[in-house]
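Here are my notes on the model, in the order I jotted them down. Have a look at it first, then read on.

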Amino acid sequence: MSETLLQTDGLTKRFGALTANDGITLGVDRGEIRGIIGPNGSGKTTFFNSLTGFYTPDAGTVTFEGTDITGWDSHRIARQGIGRTFQIAAPFGNMTVRQNMLAVQTPKSVDEHERAQEILEFLDIDHIADDDASGMSGGQKKLLGLGRVLMLDPACILLDEPTAGVNPALADRILDHLRDLNDDGTTFLIIEHDMDVLKQIVDTVSVLDQGQHIVQGTFDEVSTDDRVREAYLGSADEDEVPI
Amino acid sequence: MGAENDLSIRNRIQALLDRDDAHLWLFAAGTLFLTVLPLALNTFWTRIALGVLLWVGLAQSWNMIGGYAGYLDFGHGAYFGAGAFVTGIVMTELELPFVAGLLIAGVFCAVLAYAVGVPTLRLSGAYFAIATWAFAEAIKELALIIEITGGTYGMTIPTGPGTAGIPLVGWPDEMFFYYLMLVLTLGTIALAYWLFEHSEFGFRVKAIRDHEDAAQSLGIDATKIKRRVYVLSCAIAALFGSANAYYITFVHPNDVLAPIITDQMIIMALLGGLGTIGGPIIGGVLIFLLNRMTSLFLGQTTLYLPLIGVLIMGIVLFAPSGVVGILRGEVGREDVKRNLRELAEKFNIL
Amino acid sequence: MVSTELLGQSIVNGLLLGGIYVTVGVGFALVFGVLEIIDFAVGEYVMLGAFMGAIVAPVVGGEGLFVVPLAFVAFFLVGMIVQPFLHHVTTGDRPMPLLMGLVFTFGLAIFMRGSVLTIFGPNTRAVPTKTLEGGIDVTGIGTFPEVRVVTAVVGVLALVAFMYYLYRTTGGTAIRAIAEDRDIARLMGVNINRYQSIAYGVYAGLTATGGVFIGLIYSAGPGMGLQYTAFAFFMIVLAGLGYLPGIIISGLVLGLAQSLTAVYIGGELVFFVLFGMIYVLLLVRPEGLLGKGEVS
């Protein structure tokens, strides 16, 4: 029934003596929303960076839609259909919102002007399309970040804390957008610290600890798992215990 | 849905037209003014105007890689000089007309810039700056050693518009060169405007400058785009080097490959405003006139150097976005005050 | 026999020269480590030091060596005043701070060179000395001008003093802490402003001191700075940016290379080879030779 869209196999990334990703094997089905959680320093962002070509993995493979994309340049991976956002949503300066959208290298078949307009309308920021992007509010910048990724028409989107630093009303709006996109078939991987947010939206959760993929399951399964509790409690800062 | 789209497209086109209009009229008026200007000028002032055009064009060429792409090319002058020598060699050794020299200089330097750009653009920030600087100095030293450039003797180029392959009987040389520079400079400005302010290519260049990782994650091939900008900006510098060589008729490594050539381009773009179309134009005019006027009225050319030095430091301190930034209201009295206050804090060393 | 003698002479001459270059390179490397600034004005400090030697020496009894401590103090103070400006332009919310820092030092360099050129004219001047006019005989190798030997010795002494300050005093420890990790140094209560200023002051002082030596050996001219900027870049690129011990080796290598190429290959090639090597080294080993890796 379900088809694997993105698969990593033994993905490993080392920085000197530190193994940031230690043999991560993880598969994501098409149409799924997958949460990625873990204590600080557990290797979540490194995992995203290895997936999207910003780091070259020391071992292991990444397969996307049946194609081995391990070690590809990040721009090629983006064109292949994996979009991502960054923790800090910074628009490109000295450009309007629309120009930010048009900067994206869209697939050749797409009319980029039309697509940009559609996405801006979808995200409800078309009224500021021709304003300077640097004047946007924090939440609007997050929306623009998502909008730029959508220009790629990606099958899979990796989000690094999509609602961090955004007011609750706008966070809800962002989540609604993600659900809409998911209904249309877009697959998501989401790093999120806010468990209340995560609970609302994910189908499944993968837990990373010390660079390893320790547990995978539904939110409820994972939140009662001993290994997960240990992973979080084992970390020095009790505030990080999410569940 | 369809009607809504039509409306939005029309709005969009309208908005673009509104903005285009203003710039287009400005450009047309400027072109007209500059075309008739020499009729009102004597030889001396025509030469000054010619120099302004040359430097505005050069500053704009640096602005492409330095301002728009954010790569600090401290060796841009190498291409200005290389363009001069290639033209000289083509005209003396091959005895071809100037037009051939100009084209070959452009193509040769584009190829050279590609070969240099591939490894050099892998370096970032200060390393790129030092590497390009060292490269340009090495080129200058090379030109002083090898025979084909005339070594330390320099090289003399056949004179007169006649050698351009265009019969221009009765035209003063200054006129010919003025219009040559005018075409090159206006062409450079128009190209920069279209490419960097109005096309997706330019948006991508700015995206890479501001946030290379994010740009890459949006499918932008940063390596390829930076290389294209570098090749383009260097080839344009070579065209100006070629035209200038034909104008001054004598080229020497210590003149056309002098580090001050690059310095001036950077300073002009910076003074006017980095990464803007207007910046290099304003900066080019101001700095070149400052240069000529100090020597004209004070009779001493070196005073220009310390003035330039103070000017650079002043801009960096108080108006990093240049004259364009001041015009846009980015640098008010309050900003200067805040700047001074923050600077004073840095002196708190006890 | 003659050629062995020449070779020996060239090697000793190169090492003597290299000792002086080290005094220039070591401060430059320190400034990169502590301030994360690459100073295009480095060669102009050398030029200013040499000029100070040429102008002040007649006042202090015609002895260039007496100018050495004066130059250090004078340019230490100059550096203390310049550094806050540099610090200011590379921090805060201005766009492209790296560019701003580089361009500021660039402007400073042009200002220094242009001022000297405007005030003193384009001519070169000798830095007079009374005591160092003789030669020193080394059996089996040859005769060396006293001035080269003595300046090299004083240069090494200055270097030892510098290293002592950096590794054996509280101030030096603070400076090294800043180079290691600015934020932690701040948390430890180090006055960042003060020690950054001191570091830049020491660099300017040392570099100008090197300039007096160079003026004693050759002469002082307003256009001489660029060459020493190139030398300084060469040394740090070879050693690895910010890596101090490497500077001693690369300074000596530079002195040797200069002296040997001049004798065996021809003077006109020296700078081509030098600049070419800086360029190629940066391309081939951008992080390997540069101990600290990429500047972001």
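In what order do the four strands of the open sheet in chain A run?

1. The order is S2-S1-S4-S5 in chain A, and the pairing is antiparallel. Strands here are DSSP E runs of at least two residues and helices are H or I runs of at least four, numbered from the N terminus; two strands pair if DSSP finds at least two bridges between them. Strand S2 (18-29) and strand S5 (67-68) of chain A are the edge strands, each pairing on one side only.

2. Some housekeeping: this is a predicted model, where local features need pLDDT of at least 70 and side-chain atom pairs count only at pLDDT 80 or more, while totals for chains, interfaces and linings use all residues. Residues are numbered from 1 along each chain as its sequence is written, with chains lettered from A and ligands numbered from 1 in the order in which they are written.

3. Back to the sheet. Strand S1 (residues 4-15) of chain A pairs with S2(A) over eight bridges, in the antiparallel sense. A:Leu11 sits opposite A:Ile24 in S2(A). Helix H1 (residues 44-51) of chain A packs on the sheet and touches S1, S2 and strand S4 (59-64) of chain A. The direction of H1(A) makes about 65° with that of S2(A).

4. Now for chain B. Helix H2 (residues 43-68) and helix H9 (residues 222-248) of chain B pack at about 165°, their axes 9 Å apart (axes are lines fitted to C-alpha atoms, for helices over the stretch in contact, and angles run from 0 to 180 degrees between N-to-C directions). That makes H2(B) roughly antiparallel to H9(B), a label for angles over 145 degrees. Among the residues that meet are B:Leu54, B:Trp62 and B:Tyr68 in H2(B), and B:Val229, B:Ile236 and B:Phe240 in H9(B). By class, this contact has 12 nonpolar, four polar and no charged residues (nonpolar is Ala, Val, Leu, Ile, Met, Phe, Trp, Tyr, Cys and Pro; charged is Asp, Glu, Lys and Arg; the others, Gly among them, are polar).

5. Which chains have the most contacts, among the two pairs that touch? Chains B and C do, with 46 residues of chain C in contact with 43 residues of chain B (contact means C-beta atoms, placed from the backbone, within 7 Å). On the chain C side, H4(C) gives the most, with 16 residues. That side has 30 nonpolar, 11 polar and five charged residues.

6. Chains A and C have no contact joining them, and their closest C-alpha atoms lie 10 Å apart.

Key. Parallel < 35°, antiparallel > 145°, perpendicular 65-115°, else oblique.
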